Each structure stands twice: as structure tokens, then as C-alpha cells.
Amino acid sequence: MDSITLVADLDALAKISAFITEAAELSGLDERATWQVQLAVDEAATNVIQHAYDLDEPGELMLAWEYAESRFTVILRDNGRQFDPEAVPTPDISSPLEERQVGGLGIYLITRLMDEVRFDFHPQHGNVLTMVKYTTLDPREDLVILPIHGRVDAITAPQLTAAVHEQITTGARFVLLDLADVTFLSSSGLRALLLIRKELMTLGGELRLAELQTQVHEVFVLTGFTQVFAIHNTVEEARGAFGQGRA
Amino acid sequence: MDVTHRRFNRVDLLEVTGRVDAATAAKLKQHVDALFDEGRYRIVFDLVGLEYISSPGLRVLIEARKRAREWKITDLEGGDIRIANLPPKIKEVFDLTGFTGLFEIFSDTVEAVGSF
């Protein structure tokens with residue numbers, strides 16, 4: 001675990017932000033997740049600075065992070081007064097301006113921005129706030145994996161198109177065709193794939209192909225369509241590539 | 001954080017750039033309070049250059065709007081805080097905290113200033 005210890009005053013916030021931003025980037029968090037972690041940690045540190053210690057007598061704040069098994073974990077520790085998360089009411093974010101409370105948003109934001117949040121108090125270690133951000137892709141509801149079997153030719157291509165359309169009507173936009181069991185692909189099959197790809201792109205989605213058999217891959221090579229389609233060795237690789245560009 | 005102030009006849013425009021966090025929110029509040037002290041209650045925040053906002057900054061915005069709206073010329077006309085040019089990340093914070101529904105948000109400053 002990499003860590004820093006700082007005097008818990010407002011000047012620490014800029015250092016904390018720089019420290020945790022670098023950590024998140026090192027751990028491979030994307031730009032949005034990095035920003036979410038940055039905001040959550042900033043809110044947590046602000047609470048320590050403003051509430052754990054008296055402003056004119058700041059104590060120490062320790063910040064540590066580690067990245068393992070797709071979990072980016074941040075630990076924030078202080079020796080100030082015990083924090084009881086139960087004592088902080090959840091703000092009603094739908095209340096109109098007149099009734100809206102002006103404070104109480106910090107803890108709320110932390111719980112919304114991070115995937116796991118835990119407040120502990122130890123007699124020796126003081127307040128320990130553990131926050132985790134997952135880096136695995138969220139299961140997308142608009143992602144579908146379709147295993148295709150047998151021959152894709154003039155006769156069967158319409159079935160493939162129909163199967164994809166059925167998924168599109170139920171909300172799928174990111175379609176992964178697992179071609180492991182496809183033994184033959186004709187020009188009609190290629191044409192169907194091109195139209196599916198175009199349609200998904202129009203809808204803001206993506207088509208990806210995975211696990212092509214050698215003779216099927218050869219069709220893409222001979223026609224130059226390896227440059228057009230996003231072709232992946234494995235389903236896992238393809239799944240991870242959605243939303244990452246070049247589809 | 002930096003604040004640039006432009007004065008119009010009826011409205012004051014505050015362009016807020018950089019980071020508004022616990023360390024800088026007090027400075028933003030000073031700018032707003034200075035306008036209130038002059039009796040200027042119609043303010044547009046131009047957030048086009050705002051890179052970051054955390055809850056102390058949100059608090060300044062909501063307190064300002066509450067106070068501005070207490071000032072009334074008639075039942076229909078009075079003070080307000082309006083917002084122009086909300087960058088995507090700041091919009092996300094607004095959405096998470098319900099602020100999108102608490103403010104009138106405009107896509108440019110001309111529209112926001114003209115709305116008064």
C-alpha cells in the first residue's frame with residue numbers, strides 16, 4: 001500500500017487530489033472513474049478537516065491506496081473525534097429549494113460515487129474510512145452475446161439478421177457475435193454482417209466478432225473486411241473492448 | 001479558483017474557473033456576499049471554465065440562491081441566481097445531488113443574462 005500522511009488542513013486538499021489522481025491513473029481507472037474517486041476522496045478529506053479536528057488545532061490525516069483484483073481501494077484514517085455515519089441524515093435531493101438543506105451532501109456523494117464505503121472506528125487507529133471503486137466493466141444491459149452456429153449463407157443470413165433485430169428491439173446496442181461454431185461464411189453472410197454493423201452504429205452501438213475459425217477468418221482477409229469489422233480472438237477480449245473505440 | 005466579474009445594468013455575471021472545493025469555496029462566497037451587500041441580487045454564474053466542484057461549493061450556490069430569492073421588487077420580479085454553461089462533469093455532480101432541478105440552467109451567458 002502506498003500512503004501519505006498530512007496535516008489535516010485545507011492546504012492538504014490539493015496534495016490529496018494530486019496523490020489520489022496519480023494512484024487512480026496508475027491503476028488503470030478510466031477518466032470518469034478517476035474523477036469520481038477524486039471527488040469522493042476530496043469530500044471525505046474535507047469532512048476530516050472540518051469535523052474530526054478543531055480547525056485551529058488540526059491533527060493528522062493518513063491516506064493510503066492499493067489496487068488488486070479489479071478493486072481500487074482507498075483508506076482514509078484520522079485520530080480525531082469519532083465519526084458516526086448514522087448521525088448524518090441522508091439529504092432529500094428531490095426537495096424544492098425552499099425546503100432544501102444546504103449541507104449534508106458530502107457523505108451522500110461518497111456513497112454514490114464509490115462502489116463500497118465502510119466507516120469504522122478503532123480505539124487505536126481512530127476513524128478508518130474504506131472506499132472501493134471497481135474497475136471491471138459494469139454489466140451493460142444493452143450488451144448481448146450471440147453464439148452463431150453452422151453455415152452463414154444466402155439461406156441462413158436472414159435468420160442471423162432476424163436474431164440480431166430481435167435483440168435490438170429489446171434494447172441491445174452492443175452486439176457480440178461468437179462465431180466459434182460457424183463453419184462457413186458466404187458473401188451473403190458478409191453482407192448481412194455489414195448491414196447489422198451499420199445499423200448498430202447508427203443507433204450508437206457496436207458490432208464485434210469473436211473466435212473466428214480459420215476458414216471464416218480467411219473470408220474477411222480475402223475481402224479486406226478485417227479492416228472494417230472489429231475482430232477478436234476471444235469472447236472475453238471482445239467483451240472488454242466495447243466502448244473502447246474502433247468497432 | 002478564479003472569479004471574473006462583469007457588471008450589466010440589471011445583472012451581475014460571475015465567471016468561475018478552476019476548482020471550487022473546501023479550500024476555495026469561502027472566496028466564492030465573498031464575491032457573492034459583496035454583490036448582496038451592494039443590493040445586487042440578480043447574478044448569473046458562468047461555469048464554462050469550472051473544472052471541479054465539491055459539496056462546499058454546492059453549498060455556496062444553494063445558499064446564494066435562497067438568499068437572492070428573498071429579495072423581491074414585486075411578486076413577479078426579484079433576485080435570483082441562474083447558471084450558464086454547465087460542463088459535463090459538473091452537470092454530473094448537479095445530477096447526483098439533485099441540483100439540476102434546483103437551478104435554472106442556460107446553455108449560454110447571453111440567454112442567462114437576458115432571462116432576468
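In the predicted model, the buried residues of H1(B) are B:Ala25, B:Leu28 and B:Val32. Viewed down the axis of H1(B), these buried residues fall within an arc of 65 degrees, so they line one face of the helix. The exposed residues B:Ala26, B:Gln30, B:Ala34 and B:Asp37 are found on the other side of H1(B). Packing of the buried residues of H1(B) involves four elements of chain B: strand E1 (2-7), strand E2 (12-20), strand E3 (42-46) and helix H2 (55-70).

H1(B) itself comprises 13 residues, 25-37, and spans 18 Å from its first C-alpha to its last, close to the 18 Å expected at 1.5 Å a residue. The helix is followed by B:Gly39, which has a positive phi, near 85 degrees.

H6(A) is followed by A:Gly224, for which phi is positive, near 80 degrees.

Between the two chains, 19 residues of chain A are in contact with 17 residues of chain B. On the side of chain A that touches chain B, the elements contributing two or more residues are helix H2 (31-52) and helix H3 (105-113) of chain A. Of these, H2(A) gives the most, with 7 residues. Classified by residue type, this side of chain A consists of 10 nonpolar, 5 polar and 4 charged residues.

Conventions
Residues numbered from 1 in each chain as written. Chains lettered and ligands numbered in written order. Predicted model: local features only at pLDDT ≥ 70, side-chain atom pairs only at ≥ 80, totals over all residues. Expected span 1.5 Å × (residues − 1). Buried ≥ 20, exposed ≤ 12 C-beta atoms within 10 Å, placed from the backbone. Arc of directions from axis to C-beta. Contact = placed C-beta atoms within 7 Å. Nonpolar A, V, L, I, M, F, W, Y, C, P; charged D, E, K, R; others polar.
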